[in-house]
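User: I would like to learn how to read a few features of a protein model, taking ring contacts and helices in turn. Please give the general idea before each case.

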Amino acid sequence: MAKNKKSLKAEKAIKAKRKKKQRRRRRAVVLVVEVIILLLLSGVAYAMMKFDKLQAVNIDKKDLELNEGVEEKEGYTTIALFGGDSRDGQLEEGTHADTIIVASINNKTKEIRLASIYRDTLLQQKNMGYNKANHAYFAGGPAESISMLNKNLDLDIQDYVTVDFKALVDTIDLLDGLDIDIKQEEVQYMNEYLQETADVAGTDAEFINEPGEQHLDGTQAVTYARIRSTAGGDYTRTERQRLVIEKIFEKVMHTDLSTINKIIDTVFEQVSTSFSLKELIGLASDVTKYKLGENTGFPFDVEDGLTYQNAGSVVIALGLAENVKQLHEFLYPDEEAQDVSETVRNISDEISYLTGVVRPASLDQGNGSGDGVDGDGSTGTGGNANGGYDSGTDGAGGMYGNTDGSGTYE
């Protein structure tokens, strides 16, 4: 028994070392959702009075899929967070979920860990077929997407929060903007993509004339955070995102309750959730103790640049079962490691069979490169054939895709 424990510790140490650099490089900071979490927790008093502004959705927990043998993590609360690409405030089925996050809250330490599920990840859908992870939300709304996450990732998620894309722009504007130093190489791309952000947010596009420290409005700050065309690609983009997040947190920490009230008045209408008022109050009861912990992307080890039937370009986990096990180690560090369910093992084997993508033995020997989708910067967000909000594999596509699938802007 002692030998087995030592082996387990050694295995974890190898994986931790391999993932440490990987996690730093592809720290998937998702702006909208983190800001909304902060505001929901900070504004509990207002939330009690203005709960009816939220798009409250009652999900029958009996309809949610749960793999046999999977038990709720007693020390944690697990929530699904979605970033919607709605143009009209509709956040149910038919909406592209451009962001999919699994959030675990340690009920004792109040640490929140976020794992971004790459939306192009090939996963099993409700009809037992395979498609991109974000297909489930478009096809059946949050309930179907939660079931997809539970089935493919051995999770027990019962609640969700969906935030509209425009919410971040509104939040920054109500905080009276952010001061950010703009580099020369960033000016061109900000001006190139600014109008598209403004069109979706329903705001005016104020173009940047020169580099240097600028006072950015919401549209400008969101555009800045999404640039990936400069040197460094995704790596420098996530640095920009972290900077914007830090600036927002600094502002919120020194914002008066009147402004918080205005933000909630504006943002709540762009939020859909299955939480009841009582549940939200329960989550917010320890607001001063919450802290944002580590962020990561899932799958950890991937093969990208491949196409699968009608799904188009997809991201394929190098061994879904192994990646799911790593995901649980990340989300629930205080829980004893367990093997995946038979359901996940079968899905993992079927994905390998259908795609021909097999997990290299070197990954389990600690010799893998550790470069994931964001780590090597090879995967970008691109337009789909319908002009929607899907991903491409060369980074050339964009957030609001063209009808030919080329996309225009990430």
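User: Where does the charged end of Arg113 sit?

Analyst: A charge counts as over a ring if NZ of Lys or CZ of Arg is within 6 Å of the ring centre and within 35 degrees of the ring normal. Here the charged end of Arg113 lies over the ring of Phe330, 5.1 Å from its centre. This is a predicted model, in which local features need pLDDT of at least 70 and side-chain atom pairs pLDDT 80 or more, while totals for chains, interfaces and linings use all residues. Residues are numbered from 1 along each chain as its sequence is written, and side-chain values use heavy atoms, without hydrogens and water.

User: Which residues of α11 are buried?

Analyst: Buried means under 20% relative accessible area, exposed over 50%, and partly exposed in between (1.4 Å probe, protein chains only). Helices are DSSP runs of H or I with at least four residues, strands are runs of E with at least two, and both are numbered from the N terminus. In α11 (residues 320-331), 9 of the 12 residues are buried: Leu320, Ala321, Asn323, Val324, Gln326, Leu327, His328, Phe330 and Leu331.

User: How is a pair of aromatic rings described?

Analyst: The distance of the centres and the angle of the planes describe it. Rings of Phe, Tyr and Trp (its six-membered ring) pair if their centres lie within 6.5 Å; planes under 30 degrees apart are stacked, over 60 edge-to-face, and the rest tilted. The count here is 5 aromatic pairs. Tyr189 and Tyr193 are stacked because their ring centres are 6.3 Å apart and their planes are at 25 degrees. Phe298 and Phe300 form an edge-to-face pair, with 6.1 Å between centres and 85 degrees between planes. Both Phe298 and Phe300 are buried. Ring pairs also link Phe82, Tyr137 and Tyr160 into a cluster.

User: Why are Tyr189 and Tyr193 separated by about one helical turn?

Analyst: An α-helix has 3.6 residues a turn, so residues three or four places apart point the same way. Tyr189 and Tyr193 are 4 residues apart in helix α6 (residues 184-201), which means about one helical turn between them. Tyr193 is buried, with a relative accessible area of 8%.

User: Where does α6 bend?

Analyst: The bend at a residue is the angle between axes fitted to the seven residues ending there and the seven starting there. For α6 the bend is about 40 degrees, at Tyr193. Gly202 follows α6 and has a positive phi, near 75 degrees.

Methods:
The expected span of a helix is 1.5 Å times one less than its number of residues.
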